[in-house]
Amino acid sequence: MTNVIYLLGPAGCGKSTLTASLLQEMRSKGLNTITLNLDPGVEFLPYTPDIDIRTHVSLAEVMREYKLGPNGALVVSVDMVVNHIPHIRAMLKDWNPDYLIVDTPGQMELFAFRETGPLVAKSLDPASNQLILFLFDAFLAKRASSFVSMLMLATSVLTRFGVPQLNVLTKTDTIGREDVDTIAAWMDNRHRILEAMDEEQNLILRESSLALLEAVEKVAFTGDLLAISATKQEGIVELLSEVQRALGTESELDLQEEAEKF
Ligand SMILES: Nc1nc2c(ncn2[C@@H]2O[C@H](COP(=O)(O)OP(=O)(O)OP(=O)(O)O)[C@@H](O)[C@H]2O)c(=O)[nH]1
Ligand SMILES: [Mg+2]
């Protein structure tokens, strides 16, 4: 059975870079891991995908064939991924890895809020253990109202996929340690985020964010925000431990190390 880890988050939040870092860490630990790139529009990737949707769907060809601009062609290309799920499944069966990391399209809404994402999650490998890593860009999460919008987005993904989810704060090297701690505290303690919202000068932002926060809490969306920097390879070891814990694949050795801490 393959453990499938989806990396999801808004454009540019660091999905592909984290795919590369996580892959490096997992392989260095001897975990049998492969990658799947589901972004038909990406030109450069910081890793070599073992399965690549671009061999089946070409953004340039979709633009030519349907006479579309890049945005329209991207919508069609991501929708077309669905037609290739059987190919991907067959390749996955051949590879038969213990772990599959799935790097998803830059335009998250095309993947998560149209048909492709939930269909892929449902049909890739029905026997698989699945986990979503939802990525928050630290640089954007610094403002309390933006943080709340990201929480809302993370919650929407939870309700679209119905798959266990871990939330990850990426690019922590772009902000100070103090800001990282503040954001982590917002996630941890609702009073902290309410205090921060009180300081928001823009009344519309403040009121709408408070309403969003209430809605998010109704979905009982909780959990830590795991801070990482993929470019500096910081927090990746800890993230992998959390991923394995969530998937229930910690080795006996890991469990023993954990027990020794207490
Ligand atoms: N400073 C810093 N930059 C990062 C980090 N992770 C990613 N980046 C940079 O952020 C930019 C976007 O990173 P990607 O990994 O391509 O992000 P993505 O979410 O895959 O982007 P799309 O697929 O286009 O949505 C690149 O310039 C990366 O080098 C990080 O931990 N620290
Ligand atoms: Mg990417």
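**Contacts, burial and strand pairing**

Visitor: Which residues does Val62 touch, leaving aside those up to four places away in sequence?

Guide: In this predicted model, Val62 touches Leu68, Ala73, Val76 and Ser77.

Visitor: Why is Val62 called buried?

Guide: A residue is buried if 20 or more other C-beta atoms lie within 10 Å of its own. Val62 has 22 other C-beta atoms within 10 Å, so Val62 is buried. Val62 lies in helix H2, residues 59-66.

Visitor: How far apart are Val62 and Ser156 in sequence and in space?

Guide: Val62 and Ser156 are 94 residues apart in sequence, and their C-alpha atoms are 29 Å apart in space.

Visitor: Why is strand E2 said to be largely enclosed by the rest of the structure?

Guide: Five of the five residues of E2, residues 33-37, are buried, so E2 is largely enclosed by the rest of the structure. Both faces are covered. Thr33, Thr35 and Asn37 are buried on one side, and Ile34 and Leu36 are buried on the other.

Visitor: What makes E2 and strand E4 a pair?

Guide: Strands pair if there are at least two bridges between them. Five bridges join E2 to E4, residues 99-103, so E2 and E4 pair. The two strands run parallel, and Leu36 has Val102 as its bridge partner in E4.

Visitor: What of E2 and strand E3: how many bridges join them?

Guide: Two bridges join E2 to E3, residues 51-52. At least two are needed, so E2 and E3 also pair. They run parallel, and the bridge partner of Asn37 in E3 is Asp52.

Visitor: What makes strand E1 mostly covered?

Guide: Six of the six residues of E1, residues 3-8, are buried. Asn3, Ile5 and Leu7 point one way, Val4, Tyr6 and Leu8 point the other way, and all are buried.

Visitor: Which strands are joined to E1 by bridges?

Guide: Five bridges join E1 to E4, and six join E1 to E5, residues 129-137. E1 runs parallel to E4 and to E5. Ile5 has Ile101 as its partner in E4, while Leu7 has Leu133 in E5.

Visitor: Which residues come nearest to ligand 1?

Guide: Of the 17 residues around ligand 1, Gly14, Lys15, Ser16, Thr17 and Gly106 come nearest. The largest share of the shell, three residues, comes from helix H1, residues 15-28. The shell divides into four nonpolar, nine polar and four charged residues.

Methods: Residues numbered from 1 in each chain as written. Chains lettered and ligands numbered in written order. Predicted model: local features only at pLDDT ≥ 70, side-chain atom pairs only at ≥ 80, totals over all residues. Buried ≥ 20, exposed ≤ 12 C-beta atoms within 10 Å, placed from the backbone. Helix = DSSP H or I, 4+ residues; strand = E, 2+ residues; numbered from the N terminus. Near = placed C-beta within 6 Å. Nonpolar A, V, L, I, M, F, W, Y, C, P; charged D, E, K, R; others polar. Contact = placed C-beta atoms within 7 Å.
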